[in-house]
Amino acid sequence: MNLHRILRLMKKELIQVRRDRRILAFLFIAPVVQLFLFGYAVSTDVNHVAMAVLDEDRTAASRALIQRFTASGYFDQVAYLSGQAEIDTLLDAGRAQMVLRVPRGFSHDLSRGRGTEIQTLLDGTDSRKARVIEGYTNGVVRLYGSEILRARMQVLRARLPRLPAVDARVRVWYNPELKSVNFMVPGVLCMVLFLITMLMTSLAIVREKEIGTLEQLVVTPLSAGELMLGKTLPFLLIGLIEFVLTLLTAIFIFRVDVAGSIPLLFVLSALFLLTTLGLGIFISTVSKTQHEATLTGFLFFMPFILLSGFIFPVENMPVGIQWATYLIPLRYFLEIVRGIFMRGVGLEVLWPQVLVLAVFGVGILALAAARFSKRLG
Amino acid sequence: MTDIAIDIQDLRKTYGDLVALEGLSLAIAPGEVFGLLGPDGAGKTTTMRLLAGILAPSDGSARVLGMDVFREADGLKRRIGYMPQRFALYGDLTVAENLLFFANIYSVSRAERLKREAELLAFSRLEPFRDRLAMHLSGGMKQKLALACTLMHTPEVLFLDEPTTGVDPVSRREFWRILYTLVNQGVTLFLSTPYMDEAERCTRVAMLNRGRLVRCGTPGELKAGMRGMMLEVIADPMREAKARLTALPGVHDVQTFGERLHVRLDTADAEAAVTAALDGLTLVSLRRIAPGLEDVFNALASGEGPS
């Protein structure tokens, strides 16, 4: 190992990055765009559900129920239907995501003290959203029901001195407003770090293969280890700069609070980079052209994003798939970053994830390095 | 310095069932300009890569400057230079940055580097372009820069794989001027080329065909070894003339060079036989010529080795 040679190679690499405007744009604009997209545009919060109403009862009670829906803030009444025939066309056209039907006799049943039903029809195209709407609907209806119940209780109270009741009061910790931006921003941070370091490392190596300079480097006294360090350390550096940049944007522009220790976050990010740089080196050993490297990169990128819990919670996945997520290093890093960001916990809680991540990082890097040296020799 | 710069013994390289190089043995003296000649797929690049230590041989051995190419690669790398077939430069670095990078990778001292850089920029005439990005150089200049990069560490043996393929004739001449300067400085050159005129500039030439050494010697020896005689025929219509001559008994092959036909044949009274065969066509010119390396090469490529 000759430190001087490694530094020279790093310097050359950084000059090349500095001269490539596309890469510079990718490095500095992409993270901010992604923060915007995932923080705001791709908000997983469900608001302003387009609701159509078919009120067949037309009584004070039915109107009161409908008013509960619109007053909740989650539903916007977009149509008032006069018959069942209109439901199909409305849902087909996508003008409403939900139809609330209050059948005839609703008020009558209520006043008689009998159980009654209402019907909601949901557009299940986006199943996740439909499930959220279902939850909102149950909430509104339950609230309405309990108010009726309470009103009746007032009457009964004289005769029944005590009435046991269990009331669930949900208080959300760590993200009290349940804003998805708070949940997504740590994820975007992980993704940016992952994508940029993995892709740039592999591209930097494969580009030398493509233009033929790698063959030129092999005949120089540069060893495989020096070559690997010289090609990866610049991207470790760039990755960490990128991390700080994205973090600052998240804190100062998106007003995301970091509950835990930022230095710890930084150190553990460096640990995660062992994995991404290792993958980058591995990709470079299986790709002949930059085009191939990019495609292979996406082969890793998709399962990493989908199975890490970045967008879809791991707990909602089928059990078999949940097992597969244990093989995704990003999953552990995401848990670490969200833990530090949102819950403010440290190593005392996160040590298992840190340990697994370290094992993955060292393992992947060692395998990739071995393969790289063998290919070069 | 040993008396043999490059010593190749039974060098063999196979890829699965494919034999890329079949037992090559050569001995090259210091200061030689040794040319490897052969059609595409003959094994030229494989030989180059084996000697530069990039490929491991399947069998046999090679010593350069007395050191084993494969076992003592690390020590040898500082003393040899290798220029692959494709110009290997960093297009997004300037001429000076490319030179600096290679000097640093070879751990050339600062004083030595500055001296060498000035020398190389002067004799490659790249001095006015030192701050230009390499990608903005012309093809000939790029190739001179690639050569300059491989010369930064002052190698004693230089391997050049088809160094002038795809370069214009003026740049080729210029390139050879630089190569002769190196030879005068005592550098041993080992180069491969598909060009006959370039092979004629070598002190010795080895002809390869399908991984086998077919012939090795000075260009003069190779030409003298040609069997039969060569006739140059200019006749009209040319295609008809070529067809008739090819069918003539005693003719080995007929090659087209522009409007001229080179006929290689064994017939005793060749001129009379050719004239008779072309009866009815316009015979513009008929003369005996000395075979060029191209003719030797064509004879080899058509499967008939010289005697």
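Q: Among contacts in chain B between residues at least 6 apart in sequence, what percentage join residues at least 24 apart?
A: The share is 70%. Contact here means heavy atoms within 4.5 Å. This is a predicted model: local features need pLDDT of at least 70, side-chain atom pairs count only at pLDDT 80 or more, and totals for chains, interfaces and linings use all residues. Residues are numbered from 1 along each chain as its sequence is written, chains are lettered from A and ligands numbered from 1 in the order in which they are written, and side-chain values use heavy atoms, with hydrogens and water left out.

Q: Why is B:Thr150 called buried?
A: Buried means under 20% relative accessible area (1.4 Å probe, protein chains only). B:Thr150 has 4%, so it is buried. By that label, 51% of the 307 residues of chain B count as buried.

Q: What does B:Thr150 touch, leaving out residues up to four places away in sequence?
A: B:Thr150 touches A:Gln216 in chain A, and B:Gly81, B:Tyr82, B:Met83, B:Pro155 and B:Leu158 in chain B. The residue is found in helix α5 (residues 139-151) of chain B. Helices are DSSP runs of H or I, at least four residues, numbered from the N terminus.

Q: How do you know that the span of helix α11 of chain A agrees with expectation?
A: The expected span is 1.5 Å times one less than the number of residues. For the 18 residues of α11 (residues 290-307) that gives 26 Å, and the end C-alpha atoms are 26 Å apart, so the two agree.

Q: Which residue with positive phi follows α11(A)?
A: A:Gly309 follows α11(A), with phi near 90°.

Methods:
Helices (H or I, at least four residues) and strands (E, at least two) are DSSP runs, numbered from the N terminus. Buried means under 20% relative accessible area, exposed over 50%, partly exposed in between (1.4 Å probe, protein chains only).
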